[in-house]
Amino acid sequence: TSLAHVLASNSKKRSSTRFVSLSATSASTDMIREVVKQAQNELKLFKRRTIAFFDEIHHFNKIQQNTLLPHVECGTITLIGATTENPSFQINSALLSRCRVIVLEKLSVEAMETILLRALNSLGISILGQDKEAGSVDGSKESELHISIEPEAIQSIAYLCDGDARAALNGLHLAIQAKVAEAKKPQNNFAQKSTLAKKILIKEMHIKEGLQRSHILYDRAGEEHYNCISALHKTMRASDEKAALYWLARMLEGGEDPLYVARRLVRFASEDVGLADPLALTQAVSAYQGCHFIGMPECEVILAQCVTYLSRAPKSVEIYMAYDAVKESLRNHKGPLPSVPLHLRNAPTKLMKDLGYGKDCNNCSLNKPDDKPCPMKKDEHFTAFAGGQITSSHFALVLKMNFTPLCSAAFDLSWATCSSNHYFLQDKSRKSIPCFIV
């Protein structure tokens, strides 16, 4: 906006250029058409080109942007747009391709100090420790106030305002106003009023009171939103817990919805940690539920705990890569997809069973659709007391723990149940058989 005012002042000196300024927050489509019509008349009658400046241009919808497109393309108007958002997300690609994007980076600390020193000089405020005499704030000799400021206070503004000169000047203005109002209050001792009240010193603590907190650049719906969540994701992936906590704080202090962060942590727990630590998913889901229950600011420590846990956890993308490979295989499959094999199908009716649905399912592993049904195999990991074979494949828990159940006789067993430390096997007649674990 400041650059637009500079262009406007320069265009007034040149009669061959006309400058028009509008705000996209209040400009309608009819107003845009009127500006274009006037620009066409100026070019046709007076051979004078028009520079159209639209502040906050990201507020224009697609219809309004398309209205400008042909006139920008033919040169009827020279478009200048100012926006705090990423043009890639807010401006039509057709209009963006006909413009040149100039990124204005945040100001450095040195540049901020230069701007503040110019403002202090224009206000007649001296810097403590320098020989320059302070001037008058309001220009009145009778109520002249001699104001000075500490160098540390200037440095604090420059560091706290995150490269935003407007926030720095506003913070300085608020601090000066507060001290001037305090000095003008009536005092009991009138002798001291003429001496002390007219000498004001702005300290670092006064600046911090005026700013309240650091000016954090963050936009929940803009580019900085995606930049910060990407930084959080990548630092957790790199197991850098301190950096991850920093980016988490940047988002939460900037006003981000804690439930959005919690949802991203749930995704991270499966995508980047996965089977390397299955409890990470439980931790992330619990963090989401905790944030939902208590909200901000109490839930910030819950998110910090979850971020630290996920950063320290071992990483594995095995599930993520495997599922991506399956999706790629399905997308690249040529021809009709194969039908589900008979032994993997559900058999709720007698007819389906007669047709072979679900046949030998209990003794087969899950095969790919183009594999043939596997033959019946006996499980060699389980033996009964009488030397018989347990043919059921549902003893995964016992198999994993390398337990050997001992039974009083050999049965064709179908499934097992557990009660405390005792295991019970049941045959097809659903008769329970106690087994002892050795």
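This is a predicted model: local features need pLDDT of at least 70, side-chain atom pairs count only at pLDDT 80 or more; totals for chains, interfaces and linings use all residues.
## Ground rules

Local features need pLDDT of at least 70 and side-chain atom pairs count only at pLDDT 80 or more, while totals for chains, interfaces and linings use all residues. Residues are numbered from 1 along each chain as its sequence is written, and side-chain values use heavy atoms, with hydrogens and water left out.

## The sheet and its helices

Let's start with the open sheet: its 3 strands have the order 1-2-3, with parallel pairing. Strand 1 (17-23) and strand 3 (77-82) are the edge strands, each pairing on one side only. Strands here are DSSP runs of E, at least two residues, and helices are runs of H or I, at least four, numbered from the N terminus. Two strands pair if DSSP finds at least two bridges between them; strand 2 (residues 49-55) and strand 3 are joined by 6 bridges. Phe54 stands opposite Gly81 in strand 3.

Helix 2 (residues 29-46) packs on this sheet, touching strand 1, strand 2 and strand 3. Helix 3 (residues 62-74) also packs there, touching strand 2 and strand 3. Contact means heavy atoms within 4.5 Å.

## Helix 14, side by side

Now to helix 14, where Ala280, Ala284, Ala287, Gly290 and Cys291 are buried (under 20% relative accessible area, 1.4 Å probe, protein chains only). They cover an arc of only 125° around the axis, which puts them on the same side of helix 14; the arc is that of the directions from the helix axis to the C-beta atoms. These buried residues pack against helix 13 (258-273) and helix 15 (300-312).

On the other side, Leu279, His292 and Phe293 are exposed (over 50%). Just after helix 14, Gly295 takes a positive phi of about 70°.

Note on methods:
Axes are lines fitted to C-alpha atoms, for helices over the stretch in contact, and angles run from 0 to 180 degrees between N-to-C directions.
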